[in-house]
Amino acid sequence: MHEGSAFCGIYCREKYSSMGVKTGEIWLAGKEGGKDVRLLEADFLSSDNRQAAEVTAKQISRATGLPLLEYVSEDREGAI
């Protein structure tokens, strides 16, 4: 279990499963270069996984007080 004070926010990101289905993941963002930790994965075959992850992340954000952050993919880092 990770201590909540080690994180500065929460964010969602999409990823493709091994079956080619988009899954929605919720991550805790580590403070000051700390490691991000995946909290959960939404992987429903008949549902919008990204929307389910975003709704859940907003609920977790409200409950924990951690701000909801925007995920910037590795290939977009440093882009202007």
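How many nonpolar, polar and charged residues does the lining of the largest pocket have?

## The model

This is a predicted model, in which local features need pLDDT of at least 70, side-chain atom pairs count only at pLDDT 80 or more, and totals for chains, interfaces and linings use all residues. Residues are numbered from 1 along each chain as its sequence is written, and side-chain values use heavy atoms, with hydrogens and water left out.

## The chain

The protein chain has one helix and four strands, in the order β-β-β-α-β along the sequence. Helices (H or I, at least four residues) and strands (E, at least two) are DSSP runs, numbered from the N terminus. Of the 80 residues, 30% are buried (under 20% relative accessible area, with a 1.4 Å probe and protein chains only).

## The largest pocket

The lining of the largest pocket has five nonpolar, one polar and six charged residues. Here Ala, Val, Leu, Ile, Met, Phe, Trp, Tyr, Cys and Pro count as nonpolar, Asp, Glu, Lys and Arg as charged, and the others, Gly among them, as polar. Among the lining residues are Arg13, Gly24, Lys58 and Tyr71. Two or more lining residues come from each of β1 (7-16), α1 (49-64) and β4 (68-69); α1 gives the largest share, four residues.

## Ala42

Ala42 lies in strand β3 (residues 37-42) and is buried, with a relative accessible area of 6%. Leaving aside residues up to four places away in sequence, Ala42 touches Thr23, Gly24, Asn49, Ala52 and Ala53, where contact means heavy atoms within 4.5 Å. Thr23 is 19 residues from Ala42 in sequence, and their C-alpha atoms are 5.7 Å apart in space.

How values were computed:
1 Å grid on protein atoms, 1.4 Å probe; cavity = no way out; pocket = protein on both sides within 12 Å on 5 of 7 lines; lining within 4 Å. Buried < 20%, exposed > 50% of the residue type's maximum accessible area, 1.4 Å probe, protein only.
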